[in-house]
Amino acid sequence: MNKLGVHALVWVGGWSHAEAIRAIEQTAALGYDLIEIPALDPTTIDTAFTRKLVEANKLGITVSLGLDGGADISSEDPEKVKKGEALLNDALKVTRDVGGTHMCGILYSGFQKYAVPATPRGLENSVDVLRRICERAAESGITIGLEVVNRYESNVLNTAAQAVDFCQRIGAPNVKVHLDTYHMNIEENDIEEAIITAGKYLGYFHIGESNRGYLGAGNIDFDKIFRGLARLDYQGPITFESFSSTVVNPQLSGILAIWRNLWEDSRDLAGHARDFIRANLKAAREAQKRHG
Ligand code: MN
């Protein structure tokens, strides 16, 4: 059974104690299995407080982030690579201390628009750092998910095929491909086949609409998405991601270009997403059973 999650930015823009309480309690109240918290700045998270809260609410927790340009491990600049590795290690400690099972996102490069392609030496740097991060993560049983994003958010991994190749280069048992329907819709030739391409490497999955709003109210062909997940018999986490100018995280909202207001009622949005994902996944799995 897939664990169903929701991204914290559906509820709150920061992670003060009051915000953490609100996000975690609402997530649990709607029957989700886990919450994903952003850790672009790992120092902003009170790990002991967060861990106690998720445990009290019987929720799982995952952590996501993207590297900033000054901490880009796909750079040829050794200073940036060093900073990036330190940031990843800090985020990994946060993941471990909150009781997290997965650390995912744009862990392999800057989370930004690039004006030039990645270089072979830069890619080698990224692979080397991630190999060490995966080893450390394995000590705490943490899975590393490399999120495939569109061309405006990284120049390293834009397709599932690229991510499989990258995981093979890293060669760690706990490094996985993290796909996101919003990005797949922009970059993949065929969104169903992209899931099959990820295959056994698929370890984390984001579901978001083409406009980042209500599921089913945009352009994404979700029949193909759920058919792909059913064909692969994917059993890992599925996390709902949605952003609106109603809930703002100054760092994250800016990079993601969240300029429009697509929803106001977080609870209605997240409740709908839970039903949408459950119903469509169930339908796709039943169809798969009957017709193969
Ligand atoms: Mn995502």
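Which residues do ring pairs link into a cluster? Ring pairs join F222, F226 and F276. The model is predicted, so local features need pLDDT of at least 70 and side-chain atom pairs count only at pLDDT 80 or more, while totals for chains, interfaces and linings use all residues. Residues are numbered from 1 along each chain as its sequence is written, and side-chain values use heavy atoms, with hydrogens and water left out.

A pair of aromatic rings is described by the distance of the centres and the angle of the planes. Rings of Phe, Tyr and Trp (its six-membered ring) pair if their centres lie within 6.5 Å; planes under 30 degrees apart are stacked, those over 60 are edge-to-face, and the rest are tilted. The count by this rule is five aromatic pairs. F222 and F226 are tilted, because their ring centres are 6.1 Å apart and their planes stand at 40°. Both residues belong to helix α8 (residues 222-232). Helices (H or I, at least four residues) and strands (E, at least two) are DSSP runs, numbered from the N terminus. F222 and F226 are four residues apart in the helix, so about one helical turn separates them.

Burial is read from relative accessible area: buried means under 20%, exposed over 50%, and partly exposed in between (1.4 Å probe, protein chains only). F222 counts as buried, at 5% relative accessibility. F226 is buried too, with a relative accessible area of 1%.

Another ring, that of Y182, has a charge over its face. R212 lies there, at 3.8 Å from the ring centre. A charge sits over a ring if NZ of Lys or CZ of Arg is within 6 Å of the ring centre and within 35 degrees of the ring normal.

The model also holds a manganese ion. Donors are N, O and S atoms within 2.8 Å of the metal (3.2 Å for Na, K and Ca); water is not among the atoms, so sites may look incomplete. Along the chain, the donors follow the spacing E-x32-D-x25-H-x34-E. E147 and E241 link distant parts of the chain, 94 residues apart. E147 is in strand β5 (residues 143-147), and E241 is in the loop between β8 (238-240) and α9 (250-256). Both E147 and E241 are buried.

Rolling a probe the size of a water molecule over the atoms shows where empty space is left. On a 1 Å grid over the protein atoms alone, a cavity is a set of points where a 1.4 Å probe fits but cannot get out. A pocket is an open set with protein on both sides within 12 Å along at least five of seven lines, and lining residues have an atom within 4 Å of a point. Grid points are joined across faces, edges and corners, and a volume is the space filled by probe spheres set on the points.

The structure holds one cavity of 30 Å³ or more. β3 gives the most, with three residues. By class, the cavity lining has nine nonpolar, six polar and six charged residues. Here Ala, Val, Leu, Ile, Met, Phe, Trp, Tyr, Cys and Pro count as nonpolar, Asp, Glu, Lys and Arg as charged, and the others, Gly among them, as polar.

The largest pocket has a volume of about 320 Å³. It is lined by 13 residues, and M1, N2, R278, L281 and R285 are the closest to its centre. Helix α10 (residues 266-291) gives the most to this lining, with six residues. The pocket lining has three nonpolar, three polar and seven charged residues.

Most residues other than glycine have a negative phi, and most peptide bonds are trans. K58 has a positive phi of about 55° although it is not a glycine. K58 is in the loop between α2 (47-56) and β3. K58 is exposed, with a relative accessible area of 74%. A257 has a positive phi of about 60° and is not a glycine either. A257 lies in the loop between α9 and α10. At 38% relative accessibility, A257 is partly exposed.
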